[in-house]
Structure formats: C-alpha cells, structure tokens
Amino acid sequence: MELSRQIKTALADPDRKILLMTHIVLGYPSLETNRRVIEQMVANGVDLIEMQIPFSEPMADGPVIVQANQEAIEQGITVRGCLDFAEEMTKTHPIPFLFMTYYNILFKFGVEEFFKKAREIGIKGFIIPDLPPEEGEEFFALSRKYDIAPILIFAPTSTPERMRELSRFSRGFIYCAARKGVTGRQTDFDAGFNDYLRTCRASTDLPLAVGFGISRKEDVDYLTGKADIAVIGTRTINLVNEQGAAAVGPFIAGLR
Amino acid sequence: MNKANKPGYYGEWGGAFIPEVLYQTFCDLNDAFQKAKADPAFWQEYVSLMSTYSCRPTPLTHAENLSRHFGGAQIFIKREDLNHTGAHKANNVMGQGLLVKRMGKTRVIAETGAGQHGVATATMAAKFGFACTIYMGEEDVQRQRPNVFWMEKLGSTVVPVTSGSKTLKDAINEAFRDWVTRMDDTHYVMGTVCGPHPFPEMVAWFQSIIGREACGQIKQQFGRQPSRVYACVGGGSNAMGIFQGFLDNPAVELVGVEAGGKGLDSGMHASRLAARDGSPGVAQGYKTMFLQNSDGQMMDTHSVAAGLDYVGVSPILTDLWQQKRVRFSAATDAEVMAALDLTMKKEGIIPALESAHAFVQAFKEAGEMGPDEAIIINMSGRGDKDIFTIAHAFNDPSWKEFIKKKGIEYGA
C-alpha cells in the first residue's frame with residue numbers, strides 16, 4: 001500500500017506534527033492557474049493534494065466548489081484533460097496526488113479503465129463521496145488490483161459500528177467530515193467535535209484526515225495532536241479568486 | 001417487481017448512491033417505510049385521508065367525443081387533475097406526510113419542477129404543521145410564477161436555485177445539500193420515483209392508488225381491461241402509479257410518453273428512453289438512463305412542460321423498458337399544444353402540458369384500434385395552473401393585451 005507508506009513516512013518526521021492536504025478543482029479557473037497553485041502548495045510544504053475532476057452534479061459540495069465545477073465544465077475541461085494534467089503533476093512533484101470526483105465520472109469512463117489509467121499516471125488514492133461500500137463491489141475489488149487507495153469518509157452521523165465497517169474498506173487514511181452539511185462553511189470545534197474525533201480514532205487504525213471548514217492557522221493548530229491530516233478545501237479556491245495564485249504560497253506557509 | 005437480490009435494484013437500475021452523512025438517515029427511513037408498508041392500518045389511514053382531504057377515488061371519464069372523433073378505441077381519462085392541488089403529486093406527498101408524522105420529524109423540504117410537487121408539499125406541510133422549504137430552479141420559478149405565489153402563501157419558503165441548468169435536477173441537488181445539513185429534524189419529500197432507494201419504491205407505492213382505482217373502474221365501466229394505458233413520463237411517478245394497476249396483465253400494453261421538445265433529432269428534448277441520446281449513468285443518488293455527454297456530464301434538456309424537463313428517469317421504468325414491458329415514445333411541444341387544444345374543445349377538459357404528452361400518443365393510436373377496445377390516458381394534472389405558459393405557447397392575442405394592461409396597472 002503505497003499511500004499508507006508515504007503517509008507514515010511523512011508523519012514520522014518530527015517537524016511535521018500534522019500533515020496538510022489541499023484541494024484543487026481541475027480546470028478552475030484554468031489548468032494554468034491550477035499548475036501555479038499546486039507549485040506553490042508543494043513548495044510551501046503541502047503533503048498531499050486531492051484534485052477534483054469536475055462533475056455537473058456535485059451533490060456533496062457547497063456553493064463555492066459547485067460554482068467551480070460548473071465553470072470548469074463550461075470552459076471545456078474534459079476527463080481526458082484532467083488525466084493528462086494529473087500525469088504532469090505526478091511527474092513534476094514528489095508528493096502523493098489523489099482524485100476526488102463523483103462516481104459517474106468513473107462509471108462513464110469505464111471503472112476498470114479509469115483505475116488502470118490512474119495507476120499508470122501515478123495517482124495514489126480516490127475519494128468518491130457518492131459511492132458507499134454497499135454500491136462499490138467492483139470499485140473496491142479494482143482498488144486492490146491496481147493498488148489505489150479508496151479513501152472513505154466518516155461523518156458525525158456515523159455510528160461506531162458503521163465507522164468500523166467503513167474502516168474495513170478504506171485504505172491510506174480516513175477522511176473525517178468535521179460537521180454535517182456541504183463543503184465551504186466554518187466548523188465550530190466544540191466538545192461535540194472532540195467526542196466525534198475520539199470515536200473516529202477508536203474505530204480505525206488508519207490515519208485521520210479532517211476536512212470541511214478548515215481555513216485558518218487556528219484550525220490547523222487545534223487539530224494538531226488530534227488528527228493526522230488537516231484538509232484545506234474551499235479556502236484556497238476563495239483565496240485564488242480574491243487575490244490570485246500568488247497568495248497561496250504565503251497562506252500555506254502560515255498554516256503550520 | 002424487484003428482481004435483483006440487492007434491495008433497491010430493478011434489474012441493473014436503482015441503488016442508493018448516497019454520501020456517508022446520510023447513511024443513518026436512510027437506514028431510519030427504510031425502517032419506517034417498511035414498517036408502514038407492512039401495516040394495513042397505515043394504508044387505510046392513507047386512503048381515508050385521500051378520500052376526505054383530496055378527491056379520491058378520482059373519476060375515470062369516458063371521453064365520448066374524442067372517441068367518436070378518432071373513430072377507434074374508446075378513450076377513458078383517469079382524472080388525477082381532480083386531486084386537491086390539481087395533480088397526482090398530492091398522492092405521494094400526503095403519504096410521505098403521514099410517514100413524516102410517524103418518524104416524528106418537524107420540517108420537510110422538496111424539489112419542484114413545474115411547481116405542482118412544491119405546491120402539494122407546501123399544502124401537506126400546512127395541514128400537518130411542518131416547516132417547509134421548497135427548492136426550485138430559477139428558470140422554473142420564472143416559468144411557473146403562480147405556483148411560487150401559492151407555495152409562499154401556504155407558508156413555505158421558496159428558494160430559487162441558480163446553479164447548473166437552473167431546473168429540476170439542480171433543485172434536487174440543492175434539496176440534498178439542505179438535507180445533509182439538517183437530517184435530524186428534516187425529511188426530504190422526493191417528488192418522483194427517482195433518487196436513492198427507498199424513494200422509487202416508496203413513491204411508486206403511494207402512487208399505486210391510481211392504478212388500483214383505474215383497474216376496478218375500467219372493469220366496471222367498460223366490462224373488461226383496456227388494451228393500452230398511456231402516461232407521460234418525467235421522473236415517472238404518475239406513469240408508475242397507473243401502470244401498477246395493469247403490470248400483472250400482459251394483455252395490457254403500457255405506453256410511456258416522454259418530452260420530445262423540439263424533436264428527437266434537435267438535441268432539444270428530454271427523452272431518455274424514446275430517443276437514442278440516453279446512456280447508463282449514476283447521478284442524484286441512483287443508476288438509470290441519463291441524458292449526458294461522453295464524459296458523464298449531464299446535458300441541458302428541453303420541454304414546454306417543466307415537469308418533464310429532467311435528465312434522468314425512474315429506475316423502475318428503465319427496467320420495465322429494458323424488459324420491453326413498457327413501450328416508450330415522445331411527443332413534441334407542437335404536438336402537445338395541438339392535443340391540448342383538441343381535448344379542451346371536444347371534452348371541456350384542460351390537461352396540464354405534462355399530461356398532454358400522453359394524450360398525443362393516445363390520439364396517434366386510437367384511430368387504428370377497434371371500437372370494442374378501450375384505452376386509458378392518465379391525466380396527471382390540470383392545465384389551468386399553466387395559464388401563463390399555455391397562453392404564451394398559444395400566442396394568444398387577447399391574453400397578451402390583458403397582461404400589458406395589468407403591467408400598466410402595476411406601474412410597469
């Protein structure tokens with residue numbers, strides 16, 4: 001399991017008390033901007049990057065990412081275009097890259113074809129929010145065959161039994177949604193959140209990533225020691241929209 | 001009906017492609033629904049509610065003038081337009097309302113295309129005392145302003161959806177985004193036989209009241225079963241409703257009519273099954289035939305009828321289509337207006353633009369059939385609620401004059 005090994009190695013570094021994962025919507029605002037943003041992210045210490053292949057029906061995403069998906073598609077981004085760009089990134093940068101997308105993108109491409117291609121271009125894991133284990137028989141078999149980590153999501157509504165079940169299917173790490181709802185709104189880190197994270201920890205041996213509403217150094221500090229990976233999603237998209245790609249480097253550098 | 005071993009599958013179609021945050025909510029919903037379905041008292045309560053709050057059983061009307069006009073089969077019309085709120089949507093909504101009471105939730109949300117499901121849900125929420133938010137594509141808000149007015153007057157909040165194509169599918173996405181945030185007190189009243197399991201099964205079950213009645217009524221009025229049954233198909237709830245009364249009888253041919261828009265070759269239609277443009281996909285929580293491009297991105301659809309303007313179709317109907325149990329055809333916008341005009345003039349009945357699609361196909365075939373045969377058209381809703389759209393489509397001069405005068409009156 002390549003991704004697990006890479007994450008464990010990174011976590012073993014005493015200077016890295018928590019890893020950072022960032023999110024890119026491919027083709028938004030353009031692949032050229034994606035390229036510059038990723039370059040800055042990697043240069044400033046981001047440990048993993050999830051690249052979202054746009055889908056016209058991003059059910060689990062909030063307004064900012066929905067808009068980004070839509071505009072990327074309107075500007076003509078294609079799945080092939082995303083794969084070519086991803087290949088360029090994995091060849092240029094040493095960190096693990098993951099694909100985040102919705103199941104129809106794989107289904108329409110041909111699920112096995114998609115795994116084969118992703119393996120070929122060096123993608124390490126998939127996050128597919130609308131594919132629960134109950135619907136993913138083929139997907140999970142192929143993830144073993146091609147050694148691409150399926151990353152499952154824990155939610156605050158997941159029971160401990162359900163978390164244990166999900167953990168059996170997940171590889172690499174678990175993505176813990178910090179709260180209910182969609183991406184892009186601030187999360188309150190209260191006592192309930194701490195209980196939730198403790199339940200997550202007790203339900204799996206895999207490293208825990210926490211995403212949804214993580215946007216500031218305070219958030220990352222708060223998660224340090226509690227989680228293994230902090231996920232920054234919508235915040236960098238807003239940042240690029242407001243201040244351009246050049247603002248991403250200093251922002252990332254200031255998070256940890 | 002469900003032949004596959006996996007729950008929620010109809011052949012290879014259906015399933016529940018849902019985000020983890022809703023997993024428990026769906027477990028609870030499945031549980032509550034299966035208990036209700038197994039409890040004869042629940043169905044009794046439902047039928048009793050529909051006969052006192054709505055107009056069930058709705059009549060089956062023998063359209064004698066139309067039958068004579070086409071000189072073929074005896075045409076019968078199942079009058080879902082006579083439901084409270086004017087369409088078959090009330091059946092599903094009141095049923096889910098009873099289920100919401102059982103589950104102890106206090107807030108309902110819904111998507112709406114034409115606005116009929118929205119108005120029905122707002123009505124149910126008012127009656128049962130639930131808070132209610134309706135998601136409606138911005139384009140549909142423009143097309144169906146009178147329904148927006150009624151939803152708001154009934155106490156609901158209407159949220160115009162500005163993402164995507166600003167139509168029904170986008171309203172569904174937005175309703176799901178609400179639900180993943182507030183699943184504890186909120187039930188999503190899905191309006192059609194689509195979406196993740198158990199919605200197709202649940203909505204089909206509530207709508208089966210149409211077919212149960214029609215099957216008995218045609219026997220009583222005509223003496224035997226019809227040769228063919230016609231229904232328009234957007235998501236497919238009115239069609240599933242009436243078809244279930246005849247599914248077990250292979251002698252009854254079932255015909256689904258999709259929106260042909262500006263023609264099946266124009267690329268501007270919403271025919272997932274009758275056209276060759278649909279392909280298998282997974283979106284909005286279920287697997288079915290979608291109108292999508294080769295990358296799996298959903299396409300823009302077109303229909304004069306907002307309620308049929310949708311990229312997907314019921315997984316149950318896709319299975320029945322694949323099994324060749326249901327035949328699919330399409331009616332163009334122009335054919336729909338002609339059928340609507342004829343039905344009004346001959347029978348004094350005003351079908352909704354959606355329902356008029358079923359009339360088109362029935363009219364094409366009635367003349368070729370014998371007078372000893374009967375056909376049933378499911379009239380899913382009434383058309384007078386579409387007055388702005390229908391008047392516009394007819395390009396009616398005196399209506400335009402009226403609107404201009406109203407505009408002046410309001411200082412436009």
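In chain A, 75% of the contacts with a separation of 6 or more join residues 24 or more positions apart; two residues are in contact if their C-beta atoms, placed from the backbone, lie within 7 Å. This is a predicted model, where local features need pLDDT of at least 70, side-chain atom pairs count only at pLDDT 80 or more, and totals for chains, interfaces and linings use all residues. As for labels, residues are numbered from 1 along each chain as its sequence is written, while chains are lettered from A and ligands numbered from 1 in the order in which they are written.

**Chain A overall**

- Chain A holds 12 helices and 9 strands, taken as DSSP runs numbered from the N terminus (helices are H or I, at least four residues; strands are E, at least two).
- Its radius of gyration is 17 Å, close to the 18 Å that the globule rule gives for 256 residues, so chain A is as compact as a globular protein of that length. The radius is taken over C-alpha atoms, and the rule is 2.2 Å times the number of residues to the power 0.38.
- The C-alpha trace of chain A spans about 45 × 40 × 35 Å along its principal axes.
- Of the 256 residues in chain A, 53% are buried (buried means 20 or more other C-beta atoms within 10 Å of the residue's own, exposed means 12 or fewer, and partly exposed is in between; C-beta atoms are placed from the backbone).
- Gly81(A) sits in helix α4 (residues 79-92) of chain A and counts as partly exposed, with 16 C-beta neighbours inside 10 Å.
- The C-alpha atoms of Gly81(A) and Ile53(A) are 9.6 Å apart, although 28 residues separate the two along the chain.

**Helix pair in chain A**

- Helix α6 (residues 111-120) and helix α7 (residues 137-145) of chain A have axes that come within 10 Å and cross at roughly 25 degrees. That makes α6(A) roughly parallel to α7(A).
- Axes here are lines fitted to C-alpha atoms, for helices over the stretch in contact, and angles run from 0 to 180 degrees between N-to-C directions. Under 35 degrees counts as roughly parallel, over 145 as roughly antiparallel, 65 to 115 as roughly perpendicular, and the rest as oblique.
- Val111(A), Glu112(A) and Phe115(A) of α6(A) meet Glu138(A), Phe139(A) and Leu142(A) of α7(A).

**Helix pair in chain B**

- α1(B) packs against helix α4 (residues 89-103) of chain B at about 115 degrees, with the axes 10 Å apart. The two are therefore roughly perpendicular to each other.
- On the α1(B) side the contact uses Ala32(B), Phe33(B) and Ala36(B), and on the α4(B) side Leu99(B), Arg102(B) and Met103(B).

**Where the chains meet**

- The contact draws 26 residues from chain B and 32 residues from chain A.
- On the chain B side, the elements giving two or more residues are α1 (23-38), α8 (168-179) and β11 (278-283). The largest share, 4 residues, comes from α8(B).
- Pro19(B) lies in the loop between β2 (13-14) and α1 of chain B, and with 21 C-beta neighbours inside 10 Å it counts as buried.
- Leaving out residues up to four places away in sequence, Pro19(B) touches Ala60(A), Pro129(A), Asp130(A) and Val180(B).
- Pro19(B) and Phe176(B) are 157 residues apart along the chain, yet their C-alpha atoms are separated by 9.9 Å.
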